[in-house]
Amino acid sequence: MAKGLFQSPKGVRDILPEDQVYWRRVEDAIRKIVDLYGYERLDLPVFEDTGLFRRGVGEATDIVEKEMYTFKDKGDKSITLRPEFTAGVMRSFIQNSMDQLPKPTKLYNIGQVFRYERPQAGRFRQFYQFNVEALGEVDPALDFEIMSMAYHLYDELGFENLSFQINSIGCPHCRPGFHEQLTSYYKQRFNDICTDCQTRLDKNPLRLLDCKREQCQPIIEVAPSMADCLCDECRDHFKTLRRYLDDAGRLYTVNHRMVRGLDYYTKTVFEVWAQGIGAQNAVCGGGRYDGLSEILGGKPMPGIGFAAGIDRIVMSLQAQDHLKLSRPAPQAFFVTQGAGAKEQAVRLIIELRNAGISAMLAFGDRSFKAQFKEADKRRTRFTIVIGEGELEGQYVTVKNMSESSQENVPWSELVEYIGK
RNA sequence: GUGGGUGUAGCUCAGUUGGUUAGAGCGCCAGGUUGUGGCCCUGGAGGUCGCGGGUUCGAUUCCCGUCAUUCACCCCA
C-alpha cells in the first residue's frame, strides 16, 4: 500500500474524487434545507481558546477529558482544534453581539471537527459536520423546527429506516432532584453494577442509564426515570414538542435512557440512528442548551441545535443500493490526429464550454484506439473525432458512445448538435 | 485507554508441511484492426512477500519485537 515516504496520520483520510459525488449530494441537500428554513451560514475558526471548550463542553465530558487536540502555540497559548461547533457558535454569538438580531437567531455551520479517538468504522479523528443552531427562544415550536430540519434533510437524501430517538433530560430546577434519586438508588446496588458504572456513579450519573452491560440491565429496568422527575415546565415543554411531532406525522422513539455526552444540554435531546455504517450508527445528535450562554459569560440566551455527521451520512448513502450515485462524466470528448486537428479541437472545446457543455480533449500524441479507450473510461456521451478528412471538410465525426452510431456535423453546428 | 483480526503486484486475495525463477483475477500499458471504445485473444510493465531481530545450510513461510491497518469496547457525528 504505502509507496512514498509519508502516509496520512492515523484516523484521518482523503476524500477521493470518486466519492465527491456523494459529498456534493449531501451539500446540495443541506443548502436546500437551510434556505427553506431560513438559516444563515456562520463560518468559525477551526481552532479556539482551549478554555472555551473546557467550559462550554464541560470538564467531565469524554470530549474534554480525552478527545481534544490541544497544543501550545508559539505565544504559549493553549489552543484546541474544535471538537464540536456549539461552543464556538455561542462564543461568536456573544462576541458579535448577535443578541441584537431578531430572535431566534438561526445559524448553521459546515466544516471539520477533530476528536482524538481510536478510529473504527464510521469514526475518524477529523470528520465533517453540518451543524444548526437557533438561539434566543425557549418555545418548543422551535425544538420542533430544529428536529424538522433533521427529518427533512434525511427525507431529501432519500433515507429509509432511520430511527429518531428523543428524550428530555430536565433543567437545573428538576435535574438535581433526579440526580439524587438516581445516585441513592445506585449506591444501594453498588456491588451489583459493572465497574464502569461504579465510576459513572461518581462522574456522570445520567450515563448509568445508558450502560449496555448485561449485568446492569435489570438495575436500569427499575431505576428512577427522569420522566417522573421533570418539573412542570420541562414536562409541558416535552409534551408540546411531542404534540407537534405527532401532528406532523413524524415517527420517533421516546428513549428515557438517552442522555447525550455533553454537559450543556437541557430539556430536549435527540439522536438519529442509521443503518449500514457499523457500530457507530448515530448520524445526527442534538438538543437544547439553555444555560450555555451564561457558562460562557454571556447573558441568558436559550438555544437548540444539532450536528449531523456528513461522513456517516455519506457512508450510509453508499450502503443503500437505491441511493448509489455515479461520478459525473463529460458530454463531449475530442480525439484527434495531427497538429491541425488538435488546434481545431481546442477551438471547438472553447465554444462548447462557453455554451455550458462539458468537454474534454485527449492530450498527447496517441493512436485513435488509445484515445477512444480514454473516452470510454471517462464515460463521455459523445466522442468527437477530428482527423485529416474532417479538417479538410470542416466537420467533425460525432460518435454516440452508448448507441455506437456516428454522424458528420459541420463545425458551425456542433454546439447546437451536442446541446440538443 | 482496553481487546480481537490483518499486513504478499495499483486493488481483492491465493500460496509455500521452511528450498533455488512468488501466483491468480481485476486494473494499467501495448498489439491483434497504420481513423474508432465497451466483448474476445496475445504480449508487457509492476513485488525489499510491512519493518527489525532470532532460529536455520536456507525464512515470504517458524519465533520475538515493532510499526501500520482494521473491527469492537468506552463514547460519540
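Modeller: Pro9 is found in the segment before helix 1 (17-37). Helices (H or I, at least four residues) and strands (E, at least two) are DSSP runs, numbered from the N terminus. Pro9 is exposed, with a relative accessible area of 56%; buried means under 20%, exposed over 50%, and partly exposed in between, with a 1.4 Å probe and protein chains only. Its C-alpha atom is separated by 33 Å from that of Arg213, 204 residues apart along the chain.

This is a predicted model, in which local features need pLDDT of at least 70 and side-chain atom pairs count only at pLDDT 80 or more, while totals for chains, interfaces and linings use all residues. Residues are numbered from 1 along each chain as its sequence is written, chains are lettered from A and ligands numbered from 1 in the order in which they are written, and side-chain values use heavy atoms, with hydrogens and water left out.

Now the rings. The structure holds 12 aromatic pairs. Rings of Phe, Tyr and Trp (its six-membered ring) pair if their centres lie within 6.5 Å; planes under 30 degrees apart count as stacked, over 60 as edge-to-face and the rest as tilted. Tyr69 and Tyr116 make one edge-to-face pair, because their planes stand at 75°, with the ring centres 5.5 Å apart. Tyr69 lies in strand 3 (residues 69-72) and Tyr116 in the loop between strand 5 (105-114) and strand 6 (126-135), so this pair ties together parts that are 47 residues apart in sequence. Tyr69 counts as partly exposed at 25% relative accessibility, and Tyr116 is partly exposed too, at 42%.

A further pair is formed by Phe130 and Phe306: their centres are 5.9 Å apart and their planes at 85°, so this pair is also edge-to-face. Phe130 lies in strand 6 and Phe306 in strand 11 (residues 303-309), so the pair ties together parts that are 176 residues apart in sequence. Both Phe130 and Phe306 are buried. They belong to one aromatic cluster, together with Tyr108 and Phe270.

The charged end of Arg125 sits over the ring of Tyr116, 3.9 Å from its centre. Arg13 lies over the face of Phe124, at 4.0 Å from the ring centre. A charge sits over a ring if NZ of Lys or CZ of Arg is within 6 Å of the ring centre and within 35 degrees of the ring normal.

Next, the backbone. Most residues other than glycine have a negative phi, and most peptide bonds are trans. A cis peptide bond joins Lys103 and Pro104, with omega about 0°; Pro104 lies in the loop between helix 4 (86-95) and strand 5. Asp76 has a positive phi, near 65°. This residue lies in the loop between strand 3 and strand 4 (78-81) and is exposed, with a relative accessible area of 55%. Ser404 has a positive phi as well, near 60°. Ser404 sits in the loop between strand 15 (395-400) and strand 16 (405-410) and is exposed at 52%.

Then the second largest pocket, where about 260 Å³ of space lies. On a 1 Å grid over the protein atoms alone, a cavity is a set of points where a 1.4 Å probe fits but cannot get out, and a pocket is an open set with protein on both sides within 12 Å along at least five of seven lines; lining residues have an atom within 4 Å of a point. Grid points are joined across faces, edges and corners, and a volume is the space filled by probe spheres set on the points. Of the 18 lining residues, the closest to the pocket centre are Cys171, Pro172, Thr266, Asp290 and Gly291. Helix 6 (175-187), strand 9 (266-273) and helix 11 (292-295) each supply at least two lining residues, and the largest share, 3 residues, comes from helix 6.

Helix 11 also holds Glu294, which is partly exposed at 42%. From Glu294 to Thr253 the C-alpha distance is 31 Å, at 41 residues apart in sequence.

Last, the domains. Chain A is assigned domain 1 (17-174 + 230-323) and domain 2 (332-419); such bounds come from an automatic or database domain assignment. Taken over C-alpha atoms, the centres of domain 1 and domain 2 are separated by 49 Å.
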